[in-house]
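Here's a quick briefing to read alongside the model.

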Amino acid sequence: MSYRGKRKRTSGGDRNPKRRREEPQDFFAMVSSSAESSSSEELDPYANETPDERRLRLAQFYVSRLQNLESDEEEDEEETDRVGQMLQMEAFAQRTGRSFKFKEVSEYLRNIQIEEENIIVKRGHSKPVTAICISKDEKYVYSVSKDCTIIKWDLVTGERKHTIKGGRKGNGGHTKEIWTIDITSDGTLLATGGKDNRILLWNTSDHSLRETFEGHRDSVTALKFRKNTKDLYSGSADRTVKLWDCNQFAYIETLYGHQSPIFDLDTLKNEKLITCANDKTARVFKIVRGTQLVFRCSVSNIECVSYLTEKNWVTGCKNGYIFLWKIQKKTPVACVPEAHSGWISAIASLPYTDVFATGSNDGFIRLWKIDPGFGGFELLREIPMEGWVNGIKFSESGKYLVVGIGQEHKRGRWEINKSAKNGIRIITLGDY
């Protein structure tokens with residue numbers, strides 16, 4: 001004999017227990033406690049609501065709770081960033097013997113005399129210099145060029161120490177123009193990239209090729225090591241950013257978002273970076289959380305970008321505009337239109353101070369002073385510099401400002417200045 005069980009009627013008149021079980025019990029108790037404690041429909045604001053209205057009300061409650069949780073997480077993260085930034089400032093001050101009162105830095109640079117004897121002019125590349133980097137110990141400068149070579153210079157004397165040649169297949173170097181370069185904080189690895197779509201890693205001790213990274217489908221336009229690590233970020237004309245682990249010499253991941261070729265990127269100590277591209281946007285990628293923030297510039301393509309702190313940065317545009325940004329605002333905090341009469345091709349800050357520098361093809365490098373609250377900036381002084389400023393960097397302590405000069409733009413042959421001399425310029429700013 002077959003047995004067929006009958007559904008047991010539940011108490012309380014609820015004929016659909018399955019539906020009742022699917023509802024979150026703790027939440028149901030929270031929202032219906034007032035109804036159960038009152039026998040009067042007039043005291044229950046939800047007595048006459050339909051099932052659809054009830055579901056909508058519960059959903060809205062859930063959403064509000066999630067938003068509150070996310071807000072608490074953001075506040076915790078911002079507080080952590082502020083503490084980390086203060087610790088970085090204290091360590092930097094101890095290492096360089098310099099305080100972080102912004103006024104001291106800018107006023108010193110305003111008043112010093114920069115004469116011709118303070119500028120070391122060195123030629124060594126047969127074609128325009130496209131990028132430069134400085135070792136953290138302030139001993140060496142490295143420059144790259146459209147002639148496919150890498151030159152190591154003494155930062156103090158300007159003496160050429162070594163040349164890594166390229167241009168031919170099979171010699172281990174780049175076979176096309178080199179557009180970007182960076183060095184690790186410990187000074188052991190040098191990374192270069194360019195039109196051959198490759199990233200080459202070099203040992204700085206013996207100048208040998210250590211590793212080759214391949215993965216970008218177009219020119220490598222920007223490289224940056226995260227401070228005090230060997231995490232390498234690369235930007236490309238293929239519109240992607242790639243992350244590399246140079247301890248294990250391994251690929252990590254690819255970041256997407258830009259709709260046009262990436263021109264520049266920057267990072268400090270936290271696991272995030274900022275990029276700019278030909279699509280008139282700058283993007284902050286938060287690596288750990290896997291998110292990105294988009295900041296739009298309505299007037300021009302953003303050519304170059306540099307962090308001031310973990311939450312503030314400056315950008316230079318093709319039309320000569322400079323913008324100051326804060327991570328809390330999607331629009332610029334301040335703008336100086338026509339800061340240069342030409343294309344702003346390079347920008348660099350002295351992190352955690354109130355000073356940054358810009359370069360163009362209008363014959364000047366300009367130093368800028370930022371307001372203490374990062375609400376604006378103003379021109380500090382000008383330094384005459386003929387030619388295209390394709391690269392500009394402050395040394396770690398700010399004692400030196402190094403400039404890479406070319407007769408033409410680093411990515412093309414626009415507005416050629418034949419009177420300019422390809423090479424580097426080392427400007428001694430002094431101790432402050």
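The second largest cavity comes in at about 40 Å³. Keep in mind that this is a predicted model.

- Trp179, Thr221, Phe263, Lys410 and Arg411 make up its lining.
- Sorted by class, that lining of the second largest cavity splits into two nonpolar, one polar and two charged residues.

**The largest cavity**
- Who lines the largest cavity? The list runs Tyr142, Ile150, Ile151, Lys152, His162, Thr163, Ile164, Leu190, Trp202, Asn203, Thr204 and His207.
- Three strands each put at least two residues into the lining of the largest cavity: S4 (150-154), S5 (160-164) and S8 (198-203).
- By class, you're looking at six nonpolar, five polar and one charged residues around the largest cavity.

**The sheet**
- Four strands make an open sheet, ordered S2-S3-S4-S5, with antiparallel pairing.
- At the edges sit S2 (129-134) and S5, each of which pairs on one side only.
- Going from one strand to the next, the twist averages 20°.
- As a reminder, strands of a sheet pair through backbone hydrogen bonds, in either a parallel or an antiparallel way.
- S2 and S3 (residues 140-145) run antiparallel and are joined by five bridges.
- Look at cysteine 133 for one of the links to S3: its bridge partner there is tyrosine 142.
- Tyrosine 142 turns up in two places, then, as the bridge partner of cysteine 133 and in the lining of the largest cavity.

**The cysteines**
- How many disulfides does the structure hold? The count is zero.
- Cysteine 276 is in no disulfide, and its nearest cysteine sulfur, on cysteine 304, lies 6.5 Å away. A disulfide would need the two sulfur atoms within 2.5 Å.
- Is cysteine 276 buried or exposed? Its relative accessible area is 0%, so cysteine 276 counts as buried.
- Cysteine 246 is buried too, because its relative accessible area is 1%, and the cut-off for buried is under 20%.

Conventions. Residues numbered from 1 in each chain as written. Predicted model: local features only at pLDDT ≥ 70, side-chain atom pairs only at ≥ 80, totals over all residues. Heavy atoms only, no water. 1 Å grid on protein atoms, 1.4 Å probe; cavity = no way out; pocket = protein on both sides within 12 Å on 5 of 7 lines; lining within 4 Å. Nonpolar A, V, L, I, M, F, W, Y, C, P; charged D, E, K, R; others polar. Points joined across faces, edges and corners; volume = space filled by probe spheres on them. Pairing = 2+ DSSP bridges. Axes fitted to C-alpha atoms, helices over the stretch in contact; angles between N-to-C directions. Buried < 20%, exposed > 50% of the residue type's maximum accessible area, 1.4 Å probe, protein only.
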